[in-house]
Amino acid sequence: MKLLFKIFVFLLISTALKSQDTIHSKNTDAVLYTPSKKIKGLVVGLGGAEGGNAWASGHWKSIRDQFLDRDYAFLALAYFGSKNSPKLLEKIEIQDVYKTISVAKQKLSTDKLAIVGGSRGADLALLLGSYYSDISCIIALSSSHVVFPGNTDHFSTSSWTFGGKELPFVPVNEAAVPFMMQHNIRKAFEAMLQDKNAESKSLIKVENSRAAILLMSGNQDEICPSAEMSDKIIQRLKDHHYQYHFEHIKWEGRHTEPYQHFDRIFTFLQKYF
């Protein structure tokens, strides 16, 4: 009985030491999870086009706990599709997202910051890194190398803004329309990227980052040509003689394949964060 009581007390204390806190900030919803030991750094999780706060869901609890067990604080952040954030993935203000991250940092005894994002959240992670120099690690899963239109019925606005101004984006062109009607999303993206002038104007300026960058993609991605777009990011970093570590891991698989390889993410963070 004494042994059972000690185990119960230990589990009670461990649970109490690990905590979570709701972050209130403009146009976002976020939950900050903190480990029981000294914090090594803050990792921010950004979901994709599904919207809402995916990283705060029960589905991702085991992964969140792995971050916490490695002494990282974890911020699950919703930037659209949640109670207090915009309804649609359209003209999302990057400064609002960063302000929420800053509020979380102020609650912690660390200045170390890493961002992990999937799909459109990967695009946002790369954009945040291109604007803010205090981000030291970026993990982008199935990312784009350019800005695409917002997810609206008209597709005539950018997904992102900075300082209230829309970022240039690759528009939906005539070549993409038939594929969109067929719900062949990858082919639609490939058709849009035939507009090389728009592609050039809409590039994410990853070279402005001061972060180690890990890209992961599936070489059979059915949603977008993420492997090819990640290759373009790598080439851009090489062309600009990027001074921080960067790598691209291609997996045999589809759009969500990178999510099966968090072991590589944890290894990356251990080395570069």
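Mentor: A surface patch is made of residues with over 30% relative accessible area and no salt bridge, with like charges joined within 9 Å. This is a predicted model, in which local features need pLDDT of at least 70 and side-chain atom pairs count only at pLDDT 80 or more. Residues are numbered from 1 along each chain as its sequence is written.

Trainee: What makes the patch of Lys37, Lys40, Arg70 and Lys112 positive?

Mentor: Lys and Arg count as positive, and Lys37, Lys40, Arg70 and Lys112 form the patch.

Trainee: Why does Lys37 count as exposed?

Mentor: Exposed means over 50% relative accessible area, buried under 20%, and partly exposed in between, with a 1.4 Å probe and protein chains only. Lys37 has 58% relative accessibility, so Lys37 counts as exposed.

Trainee: Why is the aromatic pair of Trp55 and Phe262 called edge-to-face?

Mentor: Rings of Phe, Tyr and Trp (its six-membered ring) pair if their centres lie within 6.5 Å; planes under 30 degrees apart count as stacked, over 60 as edge-to-face and the rest as tilted. For Trp55 and Phe262 the centres are 6.0 Å apart and the planes stand at 80°, hence edge-to-face. Trp55 lies in the loop between strand 3 and helix 2 (61-69) and Phe262 in helix 9 (residues 262-272), so the pair ties together parts 207 residues apart in sequence.

Trainee: Why is Trp55 called buried?

Mentor: Trp55 has a relative accessible area of 3%, so Trp55 is buried. Phe262, at 5% relative accessibility, also counts as buried.

Trainee: What makes the aromatic pair of Tyr98 and Tyr132 stacked?

Mentor: The planes of Tyr98 and Tyr132 are 5° apart, with 3.6 Å centre to centre, and the pair is stacked.

Note on methods:
Heavy atoms only, no water. Patch = residues over 30% accessible without salt bridge, like charges linked within 9 Å, V, L, I, M, F, W, Y side chains within 5 Å. Areas by Shrake-Rupley, 256 points an atom, 1.4 Å probe, with all protein chains shown as cover. Salt bridge = Lys/Arg side-chain N within 4 Å of Asp/Glu carboxyl O. Charge placed at Lys NZ, Arg CZ, Asp CG, Glu CD. Helix = DSSP H or I, 4+ residues; strand = E, 2+ residues; numbered from the N terminus.
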